[in-house]
Amino acid sequence: MAIVTHIYGISARGRTELIKHLDKKRLTAKQAVIAQCYDCMGGYTDGKYSCDKPDCPLYPFMPYRNVEKRS
């Protein structure tokens with residue numbers, strides 16, 4: 001398991017989807033977005049934090065983005 005964690009990062013949303021993609025399996029659109037965020041964030045190796053790239057077209061769908069509270 002340590003090798004998988006080293007290669008694919010910590011266990012977080014997107015890890016399973018990225019592995020599925022790398023195994024050439026079909027993903028839904030939502031799974032593809034989550035896998036892309038996981039890959040872009042380097043596997044969340046520094047923790048599950050927002051990417052702070054609000055100009056990214058996938059940012060609204062990022063699983064760990066900072067959500068602004070509405071009053």
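Biologist: At 29% relative accessibility, what does Cys56 count as?
Modeller: The model is a predicted one. Buried would need a relative accessible area under 20%, and exposed one over 50%. Cys56 has 29% and lies between these limits, so the residue counts as partly exposed.

Biologist: How many disulfides does a search of the whole structure find?
Modeller: A disulfide is a covalent bond between the sulfur atoms of two cysteines. To be counted here, a pair of cysteine sulfur atoms has to lie within 2.5 Å. Searched as a whole, the structure has a disulfide count of 0.

Biologist: In what order do the elements of the protein run from the N terminus on?
Modeller: The protein has 3 helices and 0 strands. Read from the N terminus, the order of its elements is α-α-α.

Biologist: How is helix 2 oriented to helix 3?
Modeller: Two packed helices are described by the angle between their axes and the distance between the axes. For helix 2 and helix 3, the axes are 8 Å apart and the angle is about 100 degrees. Angles of 65 to 115 degrees count as roughly perpendicular. The angle of about 100 degrees falls in that range, so helix 2 is to helix 3 roughly perpendicular.

Biologist: How many nonpolar, polar and charged residues are in the contact of helix 2 with helix 3?
Modeller: Helix 2 contributes Arg15, Glu17, Leu18 and Lys20 to the contact. From helix 3 come Gln31, Ile34, Ala35, Tyr38 and Asp39. Sorted by class, the contact has 4 nonpolar, 1 polar and 4 charged.

Biologist: Which residues does Leu18 touch, not counting residues up to four places away in sequence?
Modeller: Leu18 lies in helix 2 and counts as buried at 11% relative accessibility. Leu18 and Tyr38 are 20 residues apart in sequence, with 7.5 Å between their C-alpha atoms. Beyond four places in sequence, the residues touched by Leu18 are Ala35, Tyr38 and Asp39.

Biologist: How far apart in space are Lys20 and Ala35, C-alpha to C-alpha?
Modeller: Lys20 is also placed in helix 2 and is partly exposed, with a relative accessible area of 28%. Leaving aside neighbours within four places in sequence, its contacts are Lys25, Arg26, Leu27 and Gln31. Ala35 is 15 residues from Lys20 in sequence, and the distance from C-alpha to C-alpha is 9.1 Å.

Biologist: What percentage of the residues of the protein count as buried?
Modeller: The accessible surface of the protein comes to about 5500 Å², and carbon and sulfur atoms hold 55% of it. A residue counts as buried under 20% relative accessible area. Among the 71 residues of the protein, the buried share is 28%.

Technical notes: Residues numbered from 1 in each chain as written. Predicted model: local features only at pLDDT ≥ 70, side-chain atom pairs only at ≥ 80, totals over all residues. Heavy atoms only, no water. Buried < 20%, exposed > 50% of the residue type's maximum accessible area, 1.4 Å probe, protein only. Axes fitted to C-alpha atoms, helices over the stretch in contact; angles between N-to-C directions. Helix = DSSP H or I, 4+ residues; strand = E, 2+ residues; numbered from the N terminus. Parallel < 35°, antiparallel > 145°, perpendicular 65-115°, else oblique. Contact = heavy atoms within 4.5 Å. Nonpolar A, V, L, I, M, F, W, Y, C, P; charged D, E, K, R; others polar. Areas by Shrake-Rupley, 256 points an atom, 1.4 Å probe, with all protein chains shown as cover.
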